[in-house]
Amino acid sequence: MSTYSVGQVASIAKVTVRTLHHYDEIGLLSPGGRTPAGYRRYEETDLDRLQQILFYRELGFPLEEIAAILDDDSVSPTEHLRRQHQLISARISHLQELAAAVEHAMEARKMGIQLTPEEKFEVFGSDYQEEWEDEAERRWGNTEAWKQSQSRTSRYGKEDWQRIKAETDALNSRLVEVFEAGRPADGAEAMELAETHRRHISDNFYDCTYEIHRCLGAMYTADPRFTATYEDLAPGLAQWLHDAILANAEHRTQPSGPQA
């Protein structure tokens, strides 16, 4: 009959020699034999018991309880395996539920939009691209504004996004109307619309300071995709809105200007 040294068993079972010594010291797993020099020699039955120990250990059972289970002579080896199969199956089911919950949470956190892909296209239109969400997180994921936006929008449902979309469309229509009427970007009407634009962001996403608003205005002319959003509404609107945002920020941050 083959026997194994403590080092061989440790290698086979992927545990430490110290662990095997501890199991022996507490009487959980004592080797079936010893060499004339007193070294531990493990037999096949010892390896079977070690496998049982490791099964239960992996499932979170304390060593004292494992010892009581394995030393219960009324339970056959087959019954041990059946019990372990049931426990492992239950754990797998639990972990799958946890994984599904984490995946759901990840999706909910992704741009804070708790919508199905179909609902996203329904709310935001056919031009909507889901990769925009990934890019936004890469660009601004470490900013306080992003964290604040995530916190707010994580509570939004479909009706909230429909409301925000309706408010955005109404604001864009008004921007086009005033722009096409030839109103100057630094005029009262244009600056009031720029302020409405800033407040819309603050009310729904994050605290949009005038400094942040200036940066957004710069993106409307620097990033072709942002530019296209407004140029598609009216050629020249992106530059006009950019100028209106800068004029409004300058006007309202002056000591005598209106307070936000």
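**Exercise 1. The second largest pocket**

Task: Find which residues line the second largest pocket, and sort them by class.

Solution. Step 1: In this predicted model, the lining of the second largest pocket consists of Asp 48, Arg 49, Gln 52, Leu 70, Asp 71, Asp 72, Asp 73, Val 75, Ser 76, Pro 77, His 80 and Leu 81.
Step 1: Sorting by class gives five charged, four nonpolar and three polar residues.
Step 2: Two helices, α3 (44-58) and α5 (77-109), each contribute at least two residues to this lining.
Step 3: The volume of the second largest pocket is about 250 Å³.

**Exercise 2. The cysteines**

Task: State how many disulfides a search of the whole structure finds, and check Cys 208 and Cys 215.

Solution. Step 1: The search finds zero disulfides.
Step 1: For Cys 208, the nearest cysteine sulfur belongs to Cys 215 and lies 9.2 Å away.
Step 2: For Cys 215, the nearest cysteine sulfur is in turn that of Cys 208.
Step 3: Cys 208 is buried, at 1% relative accessibility, while Cys 215 is partly exposed, at 46%.

**Exercise 3. The sheet**

Task: Give the strand order of the open sheet of three strands, and say which strands stand at the edges.

Solution. Step 1: The order is β1-β3-β2, and the pairing is antiparallel.
Step 1: β2 pairs with β3 (residues 40-42) over two bridges.
Step 2: Arg 34 lies opposite Arg 40 of β3.

Technical notes: Residues are numbered from 1 along each chain as its sequence is written. This is a predicted model: local features need pLDDT of at least 70, side-chain atom pairs count only at pLDDT 80 or more; totals for chains, interfaces and linings use all residues. Side-chain values use heavy atoms; hydrogens and water are left out. On a 1 Å grid over the protein atoms alone, a cavity is a set of points where a 1.4 Å probe fits but cannot get out, and a pocket is an open set with protein on both sides within 12 Å along at least five of seven lines; lining residues have an atom within 4 Å of a point. Grid points are joined across faces, edges and corners, and a volume is the space filled by probe spheres set on the points. Helices (H or I, at least four residues) and strands (E, at least two) are DSSP runs, numbered from the N terminus. Ala, Val, Leu, Ile, Met, Phe, Trp, Tyr, Cys and Pro count as nonpolar, Asp, Glu, Lys and Arg as charged, and the others, Gly among them, as polar. A disulfide is a pair of cysteine sulfur atoms within 2.5 Å. Buried means under 20% relative accessible area, exposed over 50%, partly exposed in between (1.4 Å probe, protein chains only). Two strands pair if DSSP finds at least two bridges between them.
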